[in-house]
Amino acid sequence: GIGPSGKKITVKDVAICAIMAGCKPQAMPILITAFKAMSNKRYNFLQSVTTSHPGGNLVLVSGPIAQEVGLHGGAGCLGPGFPANATIGRAVNLVLINTCRAVPGHSDLTCLSSQAEFTYCFCEDPRLTPWQTINAERYDAQTTTVYVLKAEPPHDIIDFLSQTAGDLLDTIIDSCTTLGSNNAYIPGPLIVVLTPDHAQLLHRDGWNKDKIREHIHAQANHPVPMVRNRGLVPVRPESFANRHPMPVTREPKDIEIVVAGGRGGHSAVILPWALHSESIVEPVVLPDGRVAKSIEDFKVK
C-alpha cells in the first residue's frame, strides 16, 4: 500500500474521486496515467503526501488527448474558469485525502499548505509554442503524456520591458530560486512556464529549449555562504561538495520549458519539493499497453 492508510489506490478509488470532483468520464485515462506516474519509486510518493512542504502534485498534460478532453493551456490556464483543469486536479487531491488518508493537520503535515494542494492541472497547447512540446520531445506528436511534479504553486515572472533574450533570461533566472525555496538546498527539477510573447522573444533571438536549459542551469545558483546553516539540511549530489556557487539544478535536463498562457509579460516558474523526488513523464496507454492516439480509443467497441 501507499500513503498513510497503507491502502493501494485502485481504478475504483480514482473513479469515485473523479465523480466527487465533477470530472467527465473522459478524464479517467489522464487520472490513471497521473497515478501511474506518481507511483514511480523516483517520485517518493509516501513522503510527498505527508511532508510539511506546501506543494501540490502538478499534473501537466501534453499531446492531442489533452485538447480532446477539454484541458486548457491558454490564457488563465492555472486559474478558475476551466472545468477540465479544475476537476482533474481536484480528483487527484481527493484520492490523496480519501484513499491515502493524507488529511491536512493529521497525516498531511503541511504547515500552511497552498492552493496547489487543492487543484493543480493544466496542459500544453501546441499552437502556442515555437518548440516541441513535452510529449513530442519524449515520444512523438501523436502520443499524449502526463508529467507530474511535487511542486510549489507558480511564482510570477513579470517582464514587459526586456527587448532581448539575454535581458529576459536574467529576469527568469533571478526568479528560479530564493533562500526560502527548497531548491536552494535540494537541487532538482523545475519548470519555466513561458507566455507566448516571452517564448517568441527567446525564439527570435535564436534560443531553443536546450540552450535555455543550459543557460539557466549555469546561472541559477546561490553563493555558498548564503545557503550554509539555514533553510534545510542540504540533500545534494556528492559531486556538489565543493561547488561554488551552488546550483539549484543538478543538470540542464532538470529544467522543463513549457509555453502556456495568454499574451503579455507574465511568465512563471514552478519550483520543486525535490526531496528524493523526481519529475515523472508517463504516456497515456490503453489497457493492453498500446499508446492511445485518441480518447475514442478507450470506447468499448
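## Charges over rings

A charge sits over a ring if NZ of Lys or CZ of Arg is within 6 Å of the ring centre and within 35 degrees of the ring normal. With that in hand, let's look at this predicted model. K211 meets the rule with W207: the charged end of K211 sits over the W207 ring, 4.4 Å from its centre. A second case involves an arginine, with R243 lying over the face of F240 at 4.8 Å from the ring centre.

What is the count of aromatic pairs? It comes to 0, for rings of Phe, Tyr and Trp whose centres would have to lie within 6.5 Å.

## Helices α1 and α2

Now to helix packing. Helix α1 covers residues 11-21 and helix α2 covers residues 28-38; the two pack at an angle of about 125°, and their axes are 10 Å apart. That angle makes α1 oblique to α2, because angles of 65 to 115 degrees count as roughly perpendicular and only those over 145 as roughly antiparallel. The crossing of the two helices, α1 and α2, is right-handed.

Which residues of α1 and α2 meet? On the α1 side they are V11, V14, A15 and A18, and on the α2 side M28, L31, I32 and F35. By residue class, the contact of α1 with α2 has 8 nonpolar residues, no polar ones and no charged ones.

## Helices α7 and α8

Is the crossing left-handed or right-handed? α7 passes α8 in a left-handed crossing.

From α7, the contact draws on A165, L168 and L169, while α8 supplies H198, L201 and L202. The residues of this contact of α7 with α8 divide into 5 nonpolar, 1 polar and no charged.

## Backbone points to check

Most residues other than glycine have a negative phi, and most peptide bonds are trans. Two places in this model are worth a look with that in mind.

Where does the peptide bond from H244 to P245 stand? That bond is cis, with omega near -5°. P245 is found in the loop between α10 (224-227) and β7 (246-247).

The other place is A274, which has a positive phi of about 75° although it is not a glycine. A274 belongs to the loop between β9 (266-270) and β10 (280-283).

Note on methods. Residues are numbered from 1 along each chain as its sequence is written. This is a predicted model: local features need pLDDT of at least 70, side-chain atom pairs count only at pLDDT 80 or more; totals for chains, interfaces and linings use all residues. Side-chain values use heavy atoms; hydrogens and water are left out. Axes are lines fitted to C-alpha atoms, for helices over the stretch in contact, and angles run from 0 to 180 degrees between N-to-C directions. Helices (H or I, at least four residues) and strands (E, at least two) are DSSP runs, numbered from the N terminus. Angles under 35 degrees count as roughly parallel, over 145 as roughly antiparallel, 65 to 115 as roughly perpendicular and the rest as oblique. A crossing is left-handed if the near helix is turned anticlockwise from the far one by less than a right angle, and right-handed if clockwise. Contact means heavy atoms within 4.5 Å. Ala, Val, Leu, Ile, Met, Phe, Trp, Tyr, Cys and Pro count as nonpolar, Asp, Glu, Lys and Arg as charged, and the others, Gly among them, as polar. Rings of Phe, Tyr and Trp (its six-membered ring) pair if their centres lie within 6.5 Å; planes under 30 degrees apart count as stacked, over 60 as edge-to-face and the rest as tilted.
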